[in-house]
Amino acid sequence: MLFSSYTFLFQFLPGTVLAFAAARRHSPRAGIMVLAAASLVFYAAWQPVYLLLLLASIAVNFSLGLRMEDPLRRRAIGTLGVALNLALLCYFKYTNFIFDSINTMTGAPLPFFNIVLPLGISFFTFQQIAYLVDVMRGAKVERDIVSYTLFVSFFPHLIAGPLVHHAEMIPQFKRGRTSRSAVLAARGLAIFAAGLFKKVVIADNLAQFVSPVFAHLDAGGSVTTSWAWLATSAYTLQIYFDFSGYSDMAVGLALLFGIRLPVNFRSPYRASSIIEFWRRWHITLSRFLRDYLYIPIGGNRLGEQRRYINLMVTMLLGGLWHGAGWNFLVWGGLHGVYLSINHLWRAWRGGDKPAAATGFVAKGLSWFITFVAVIFAWVFFRARTMAGAWQMLGGLVGVKAGSSAYASSGILRLMDLPVLVGEERLLLIGGGAVTLALLIALCLPNVPQLFGYREYRRAPEKAIWLRWRPNAAWALVSAFAFAISLFGMWQRLEFLYFQF
């Protein structure tokens, strides 16, 4: 069930909100039970059989957590639990990748298994690994199965994040008051409308300049420089507005139930270094990789050389987390190299300099280098084959395309409505769309900042030139964004991060 679907918006969501409101009048626990049940129904709407997998995962990890109350067995049971979770993830996500890689390297005729990747398995598995590791470190064991089930399956973040921490979610579920009010509901609905607009109107319309080009390359074709830059830059903006749009919708939905999810994006394309980029992009994943992988394997505590090895290992595994393919490993490896170079550069310069000490030209150059590096890495993330990625890189650097160069039909699709404009005009329109999307990403406040959400709540008024207010004008803006989005929802394009 997609957030950007009529079934979700006009059936599932109203029914869940009304049932939750009625249950909360009885008791907080009744509200928890309604949300947990609704979340399981939401997951089952995809493929009911995989609900059994989710429930089994929840039951096993909850039981292991209870057994870890014994300090003498805590580490052994926790280690077993982490191993079981990783084994589950590896089976569903990496079996065919491993077999295919062995087959390529050795020629062994290993079989191919038709394994369907369960929706959201990377997210709910990582969250439970984090829970077990925290209990191993001395965190309190959760003894309420309903609260634990809701922590894992809460439908706003279940499928594509943000990755949440049990210590920041379960207390919110259990508290007697949820701080619900008309203003909170209005803020939640407005944030959801903003995220829906980013997904349906911006990201989904940019997809038409991306998907056919990469499909042509993955099939063995080539591409001209103009189409290479349009497709790659369009994907750079598509994945940002698609994924950040999902995260905004998740935040808005959670607010309807008085729950505050963590911020997952802070305008990452404004970053002037790769280090800063990863502090702004998919923040909850960066937090997980830092706390549960980078620091445990040594972090920067074992000398400079080991620090860079740890960075590379972390980013390679972070790339592999996104998908079972060599292209994702290359993407993660590139960002590992970028981060290592960035840290070496900062060490050579004597550490970070205050923003005031950095000149406008130098800061602009740093931003440009960072942005171009991110764009080139996205090529490997988007391509389905390594051959397709190399063809795209060749097009970006001006390698002349062959006779099989991509040629567009010249059809522009507005909310999936076709308009014949011709190939040359389509290139110009695509370039304009990418430029407009980039200006939105760079110049407008990000959604949490616009709505004064969480860490932006107490920001001084002068820190932002545009701020949401619970008034009629902003209600009209949100209603307009929502209405436009409704016209594009019938395309039914899945969120990009559903495949991870």
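Cys 90 counts as partly exposed, its relative accessibility being 35%; the class lies between buried (under 20% relative accessible area) and exposed (over 50%), with a 1.4 Å probe and protein chains only. The model is predicted: local features need pLDDT of at least 70 and side-chain atom pairs pLDDT 80 or more, while totals for chains, interfaces and linings use all residues. Residues are numbered from 1 along each chain as its sequence is written, and side-chain values use heavy atoms, without hydrogens and water.

**Cysteines**
- Cys 443 is also partly exposed, at a relative accessible area of 48%.
- The disulfide count is zero, where a disulfide is a pair of cysteine sulfur atoms within 2.5 Å.

**Helix 2**
- Helices are DSSP runs (H or I, at least four residues), numbered from the N terminus.
- Buried residues of helix 2 include Ile 32, Leu 35, Leu 40, Phe 42 and Tyr 43.
- Among the elements covering these buried residues are helix 1 (6–26), helix 3 (49–67) and helix 5 (121–136).

**Domains**
- The domain assignment gives domain 1 (6–178) and domain 2 (184–498); such bounds come from an automatic or database assignment.
- The contact (heavy atoms within 4.5 Å) takes 40 residues from domain 1 and 38 residues from domain 2.
- One salt bridge is counted between domain 1 and domain 2, a salt bridge being a side-chain nitrogen of Lys or Arg within 4 Å of a carboxyl oxygen of Asp or Glu.
- Glu 168 forms a salt bridge with Arg 287, with the closest N and O atoms 3.0 Å apart.

Key. Helix = DSSP H or I, 4+ residues; strand = E, 2+ residues; numbered from the N terminus.
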